[in-house]
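Hi,

Here is the structure I said I'd pass on. Have a look at it first, then read on for what turned up.

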Amino acid sequence: MGQIMGGYHARSVDLNSDDNPTFDPQAGFQYERKQREMIAKEEDLISARIPNKYRDYCAHYLLDYQVCRYKEMPLLYRCAHEKHNYLNCEQQDYVLRMKEFERERRLRVRENRISATA
Amino acid sequence: MFFFILINNNSNKMFFLFIMFFSTLISISSNSWFGCWIGLEINLLSFIPLISNSKNLLSVETSLKYFLTQSLASINFLFMILIKFSLLKNFNMNNIISIMMNSSLLMKMGSAPFHFWFPNIVEGLSWMNNFMLMTWQKISPMILLSYYFNKNFLIFMIIMNLIIGSLGGLNQTSLRKLLAFSSINNLGWMIFSIMISENLWLFYFLIYSMMIFMMISLFFLMNMYFMNQLFINNMNFFIKLNLLINFLSLGGLPPFMGFMPKWIIIKFLLINKFYFLTFIFMMTSLIIIYYYIRIIYSSFMFNYFKMKWMNLLMKNNMLLINLSSFISISSMILSTFIFM
Amino acid sequence: MCFNSFFFLFFFMLINFFFFVYFIMNGLSVFFEWEIISFNSMSIVMSILLDWMSLLFMMFVSLISSVVIFYSKSYMNSELNLNRLIILVLMFVFSMVLLIISPNLISILLGWDGLGLISYCLVIYYQNLKSYNAGMLTALSNRIGDVMILMVICWIMNYGSWNYIFYFDFMKNDYVMFIISFMIIIAAMTKSAQIPFSSWLPAAMAAPTPVSALVHSSTLVTAGVYLLIRFNYLLIDMFFFKVLLFLSILTMFMSGISANYEFDLKKIIALSTLSQLGLMMSILSLGFPDIAFFHLLTHAMFKALLFMCAGVIIHMMNDIQDIRYMGGLSLYIPLTSLCLNISNLSLCGIPFLSGFYSKDLILEMVSFNSFNLMVFILFYLSTGLTVFYTFRLIMYVMISDFNLMMIYNLYDEDYIMLNSMFVLLFMSLLSGSFLSWFIFFYPYMIYLPFNLKLMVIYVSILGSILGFMVSNMGIYSLNKLLLSYNLSSFLCLMWFMPNLSTYGLSYIYLNFSQILFKNIDMGWSEIYSGKGIFNILKNYSVFYNIYQMNNFKIYLFSFILWFMILFIFFFI
């Protein structure tokens, strides 16, 4: 629900939630930003038959969770730690995407302001 | 016919019966029209003593009526033969003389439009005499008809036969008159079959006479002359079933025996492209089946009355009744096994 | 007979449970095929698909049905022909199992039609007029779904076989699949009683209570949801899924409102089932089939328990189902009211009961993903309404004063019924968390603001307060709702859908067919065929008789006349 309000707020700069960032990733940052890299290996993901939409940057935690699930079945409450790790990673990833969205919006607002005064 | 022979405890009548048989044979197998006429006359003369019974005034009157009509027809037949011999030298069948010869033969048979005597006389005869009248007496006029007929006239006569046979029977309650009109209707079918081939007529005639025999023997054994006598509820079930089967067979309903000759005649009708005539055959058959079914329906299903003092015991004749039911049902199917 | 079938089904449930754990551990799914007949190029093959979803559902169905049959040994012990009921229930379970395990449309049709037919037989089990009407409404509404599935069978012949699971990915953009998806959605809507077809579910409460516990809470009405879960890959991007979303959230909302006006105990429970079905369908049409399946299973547990408690209460109230006669039952029947309370609270989504896991997950997914404002509002409003009518029910049944008679004896210790309820109580407490471990292979991450997270609790508290206040009636209370008579009758009578489905649909046609029958069947068509022709023929025959009954001399004379005419022609 909050996404809708946030998305609505960004319409004025013509920004939808599916758009990619268009500005330079390094602009405005003091430290050096690195490209995120996948920790889980491709052949591990393929052999575990994880569906495509779950093969993101948190997939190594997901693999650990699946391994723990298979080992502890049927007493799956014992996998709570791995599940918590995975969900934490997912939440961090979500927050990161939220921040990227907000950064994009602000940069566009700034650009509009600069081009309006110029 | 065996029944007739068997129940005839009068040796005079036996004598006249044999003369009647021979007269038909004379009429059929002669090679001159005179011989035919002689056969017809002897037929008439020998049939009259069979049906007249001096104790019963109705049968005397009936035999007199029969004598008058048949003799009129015979006279006309003789006259037309002589005119044909003297004045007409060709063999063309489509002329007025053939019409006149055919009408006298039709009157002999009891075919429309000269059929008015037929229901009257049938009303006055007993069942076995009726059987003779309806089957045997038709043989020689039919065969003579096949020797010299006018096609257009006969087709018109067929249509009249069918219509009168069906419409006239709608309003009857006497079983004899009902079978008379049905006989007139079947005459239409038989006349058409004569026009195709004599063999076909023989086939139709044999099956028709077998069906009529079964019906008439049933009515004779039960001594029933009117429709309201059929509604007695304590009839044996097999008798009612036999009645149903025979009536439906006479009407020409498919799995029964009577369907087969009608089927073959319809096939010949369609091959020779008599389409309108087929339609009339069909529709009149429908009307006839209607009034048969009306009788059977009432006798099967309605609970009219149950007589306490007269139980219809027919133990000695159950063989005949069951045999006739069996033949009526199965003969069409069995014939396919035998002949195909 | 009861004990035999109870043991058989219980054993079947255990088998299913062990196979389910084995299958889900190893990620197995088994596809059996038996070739029945094979001609030259045609073969008839019976196939069975066993994967963890079907085994889990079969386990739940057999558990509930075994417990219900055991319960009905005591509930219906005065029934002379109890064996018929048990046989019907067993045939019902068989049809349901056939529906669950079948990967092709013909065996789905066998199970589907079997379900519809046997639920009709079960609804009309008490043979009175109300049951007959209810059964007719049930059977005909279900029949529409059957017709839709038959047409799907016709359309899917285009692809060569009836095994629908093989065609989802390949044929998604095809015109044929479009039509198939439309018809499958309508079939599921009739079976699961969504908005155009929802009038049969409250009416089907004319069935005996154990039958309602089995049929109308967990198995029959979830068959439609199960079918859509199986077809989910096909239907995800289709337009009709959005239509289904719209109709199912309206169903949820409508039945929540109507349950607040009802005073019949079983009808309230039926409307709450309808509301939860709307919830299941809507979360399915939003694209989360596994959450819908989860809610289906947990709902089956506590709803069956709720029906069984209602059965015990109805028995004690001398067969009165009206809640205005009940009250204060928690003092007298502690164990039954324990079960009733737990199932009611589980229905509301009170934390850590079984209903909480599924319902809360649904509501959080709705808040987290970006959906419509109307979807959001109706979801939360319906949750609040659920709590509203639940608390109203608890107030009426459990808490106020007893309203039936002066002297009463409320007997609770019928241990057959109680034992069967305890089994379901145990499952209803634990199945939520137990299933949430198994079903979700890939956990859902949900990250919500604080107030949005607590929105469920706000709505529940609001609903409970309203439920408490509405049911505080005394002798002096005025019913102010009657002032807005039109609006309140609209809301109360399920938005007039029963009337529209029954009288509204049939009135025009019956009227028209009366006109047709009188004027054409009994009128003109009798004159132009039938009687008319008979009259014509009869008149002809009578007319002919005038010629027939004549003087004999005239016949002979006419013959001579004929010959004279012909003779003259001869010489011309």
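To start with, how many salt bridges are there between chain C and chain A? The count is zero. Keep in mind that this is a predicted model.

The two chains do meet, though: 22 residues of chain C are in contact with 25 residues of chain A. The area buried between chain C and chain A comes to about 2,100 Å², and carbon and sulfur atoms give 69% of that. As for polar contacts, five residue pairs between these chains make one, counting pairs with both residues at pLDDT 80 or more. On the side of chain C that touches chain A, the elements giving two or more residues are helix H1 (2-26), helix H15 (354-368), helix H16 (373-399) and helix H17 (415-439) of chain C. H1(C) supplies the largest share of that side, with four residues.

Next, a spot within chain C. C:Ser248 sits in helix H10 (residues 239-261) of chain C. Is C:Ser248 buried or exposed? C:Ser248 counts as buried because its relative accessible area is 0%, and buried means under 20%. Leaving aside residues up to four places away in sequence, C:Ser248 touches C:Gln194, C:Gly278, C:Met281, C:Ser282 and C:Ser285.

Over on chain B, B:Leu323, B:Phe326, B:Ile333, B:Leu334, B:Phe337, B:Ile338 and B:Phe339 make a nonpolar surface patch of about 810 Å². One of them, B:Phe339, belongs to helix H15 (residues 318-339) of chain B. B:Phe339 is exposed, because its relative accessible area is 65% and the cut-off for exposed is over 50%.

Cheers

Key:
Residues are numbered from 1 along each chain as its sequence is written. Chains are lettered from A and ligands numbered from 1 in the order in which they are written. This is a predicted model: local features need pLDDT of at least 70, side-chain atom pairs count only at pLDDT 80 or more; totals for chains, interfaces and linings use all residues. Side-chain values use heavy atoms; hydrogens and water are left out. Patches are made of residues with over 30% relative accessible area and no salt bridge: like charges are joined within 9 Å, nonpolar side chains (Val, Leu, Ile, Met, Phe, Trp, Tyr) within 5 Å. Accessible areas come from the Shrake-Rupley method with a 1.4 Å probe; for residues, only the protein chains shown count as cover. A salt bridge is a side-chain nitrogen of Lys or Arg within 4 Å of a carboxyl oxygen of Asp or Glu. Buried means under 20% relative accessible area, exposed over 50%, partly exposed in between (1.4 Å probe, protein chains only). Contact means heavy atoms within 4.5 Å. Buried area is the accessible area (1.4 Å probe) that two parts lose on being put together, summed over both. A polar contact is a pair of N or O atoms within 3.5 Å; within protein, one must be able to donate a hydrogen and the other to accept it, and residues adjacent in sequence count only if both atoms are side-chain atoms.
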